[in-house]
Each structure stands twice: as structure tokens, then as C-alpha cells.
Amino acid sequence: AAAEAEATRRRLHNELVELRGNIRVFCRVRPHPQSAVRCLPGGAALSLALDGREHAFSFDRVFAPGAPQQQVFAEVSELVQSALDGYHVCLFSYGQTGAGKTYTMQGTPDAAGAGVIPRAIELILSRVQALAAQEWAYTLEASFIEVYNNTLRDLLADGAARSAEAGRIHDANAIKHAPGGGHTIVAGARRVPLRDAAHASELVARASEARACAETAMNSSSSRSHCVFMLYIAGAHAASGAQLTGCLCLVDLAGSERLDRSLAEAERKKEACSINQSLSALGDVFGALSSKSSHVPYRNSKLTYLLQPCLGGSGKTLMFVNINPEPASAQESLCSLKFAAKVNGCETGARGGAKRNVALAAAPAPSAAGGPGGSEVA
Ligand code: ADP
Ligand code: MG
């Protein structure tokens, strides 16, 4: 009976995804003593104060500062598990450096602080064990890949924690996709068969050391690279002969901020947003997907080409937009929220005219937050 309930729950989840589209956006605001951000009642909207104006946004979910890791994970666990049903699933964190991307994805070493990656691995491993009782046999393989300046590096390569050159993938065409909308293959990157939870945390630690090593070599403490964890999932049901392959990609994106300070100032004056090339390529892919364009420019960056099976087709994507609420970061936060709103297609307007989505209709109207200056109009 438990197995049946479980199957029903997952079927309902999958139907919901089909109904509402395959891209979700969750916003997470990190704690800070000073805050320009107000999270609005209902858990799906927030308001950002900048230069005397209030900018209101709604998303599928908004996590206020202090939302524990376990609560955040509870909201994505269905999505994570659907990789075991043969879906290509991708979760990524977007936002400026210091906004909480790594905290969300990786977390801290203590049990309560564990982020999405360790919790997802743990959940998948325990589900695989439970499914074994129903004669499903799964194999799991893990890769960790860094994308920096549109080049790839295998974070699990020998010596990657000691030399920034180790693991560098020189083949420009290393990324391939299995035929028929299958998963991504990265030639030259290790796929390590995953034994258990302890082995997984060892791999996470190795990748994180390798990433830190490259940052030191770049003499940069800000994350300018994307870190992609890929879990390859293959399941087989002996009795029926059924087989499936799924993939879970968990991505800690590069900081979305403009790196050139003086340029950032100029941008600020224009109130324009500018982001690094592969993040804008990601934005272009979402733009093409949401306008149902016949051409989706996946190939414009290594990042989007790597994530292609998750972003389009039958893939499922969840984006965390991480926000540092300190007033000094309000301009960067506005840029991040605008990017996320574009992905979500649900930027709200205090003066009406903007699109409202289901989550917003259920929540108290964020328009109440719009001061006399008005707010965002899509
Ligand atoms: P990013 O990866 O976006 O540059 P980090 O994840 O490194 O940012 O976060 C910056 C700092 O803020 C870290 O010290 C991190 O532990 C802390 N932090 C971020 N988000 C939270 C949160 N939700 N709760 C508590 N601390 C957080
Ligand atoms: Mg980080």
C-alpha cells in the first residue's frame, strides 16, 4: 500500500509539472542585519526598496532569511526524485557573489547546514534502496564539472585539488548528447560509480577543493566559474524488462555581478543589468523557450549546451535566485530578480497591467507594497 501511495504521489507530481510547465523559480533571501527586502505574506512574493521605489516580484516560492536548509530541500525533493523516474532534472542557483548560492547548493559541513547536493544524494540513495524491494536495480554515477570562461574542467580528475591545470578538458567538442534527447556526455570527464553517502561526501569535498584551487590560481575569491554536479541514473526492472535513464544536474552558477567596478558604476547609472556571457546565454535560452521559438540557442555557451537535456524538451528545471538583502546590494538584487522574473515570466506590477500567475493570485497581492513611486511593470 505504501508503494502504491508513493507511486500516486509521484504521478501527481509529474502531472502537475506537465500542467504548469517545466520551469520553476524559487527565491531565497539570505540573512543580513540590514535589509532592503521585505518578504510578503503567503511565501511567494517580495518587495525590494531601491532609490525610494518599491519593486515587487512574485515567484513560485520565496524563502525568507532564516528558512532552514531542510525546509528548502523539502520543497524540491519531489523534483529531485523524479530523476529516478527517468527525467532530466536540473536545479541551479543564480545570484551575485555572497548571495548564498553555495550555501544553498552545498551548504555547511554540519548536518543541519547541508545543502541541496548532499541532501539530494542522500535521498536518491535511500530511494534506490527502497526501490530495490520492488525489483528496480539502479546504477548511479557522479561527475563534477567546472565551466570557466567557456572551458571545461573535470573537478574529479587526479591532482585537480593541487593544480588548476589538472582536469582541463581541451577538446572543444567534448560535450555530446546521447541520441534521441538523451543525457549529456562529457568526453574526458570522470563518471565515478557512487557507492554510498560517505563516498558521495568525499567526492563533494574533492570537487570543492579542486574548485578552490582554481580560484586561488585566478587570484580571485569571487566565484567566476560555474560548478556542475551531474548524477547519471540508470534503472532496470528485471521482471518487466523496463529500463530508464535519468539525470540530476545541480549547478552552482558563477556570480551574476559585473566584475569591472567602474563599469558597474556606469551600469548602475543607466539602471541596466549586465552579466557574464554564459549567464546571458542561459537567459537567451529561457527567452527562446518561453516564447516557444523554433530555435533555442543552446550551443551559444558550454553551460547551456551541457544543460540542454534538462532545460528543454522533457526536462525539468528549478532556478533558485539567491538574494543578499543588504541595501548596498539592492541594485544587483534588482538585476537578479529581473533575470529570475524573466525566467519565471511572472514579474508583477504594482500598477496592474503585468501578468499575474497562480501563485500570486493565491497570495496577498504584492501590489500593496508598491509605494507612490510605483513598481515594476513588465
Ligand atoms: P555565494 O556562493 O552566492 O557567493 P555563499 O553561499 O558563499 O554565497 O554565502 C555567503 C555567506 O553567507 C556565507 O558565509 C554563507 O554561509 C552565508 N549564507 C548564505 N546564505 C545563508 C543562509 N540562507 N543562511 C545562513 N547563512 C547564509
Ligand atoms: Mg559561491
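In strand β5, the residue that bridges to C27 is V62. This pairing belongs to a predicted model, in which local features need pLDDT of at least 70, side-chain atom pairs count only at pLDDT 80 or more, and totals for chains, interfaces and linings use all residues. Residues are numbered from 1 along each chain as its sequence is written, while chains are lettered from A and ligands numbered from 1 in the order in which they are written.

C27 has a partner in β15 too, namely V321. Strands pair here if DSSP finds at least two bridges between them. Helices (H or I, at least four residues) and strands (E, at least two) are DSSP runs, numbered from the N terminus.

| Partner of β1 | Residues | Sense | Bridges |
|---|---|---|---|
| β15 | residues 316-323 | parallel | seven bridges |
| β5 | residues 61-63 | parallel | three bridges |

How much of β1 is buried? Seven of the seven residues in this strand, 23-29, are buried. A residue counts as buried if 20 or more other C-beta atoms lie within 10 Å of its own, exposed if 12 or fewer, and partly exposed in between, with C-beta atoms placed from the backbone. In a regular strand the side chains alternate between the two faces of the sheet. In β1, one side carries I23, V25, C27 and V29 and the other R24, F26 and R28, and both faces are covered.

Now let's step back to the whole chain. The protein chain has 11 helices and 15 strands, and 46% of its 378 residues count as buried.

One of the helices, α5, has 17 residues and reaches 24 Å from its first C-alpha to its last, close to the 24 Å expected at 1.5 Å a residue; the expected span is 1.5 Å times one less than the number of residues. Its buried residues are V116, I117, P118, A120, I121 and I124. A133 sits in the loop between α5 (116-132) and β7 (136-148). A133 is exposed because it has 8 other C-beta atoms within 10 Å.
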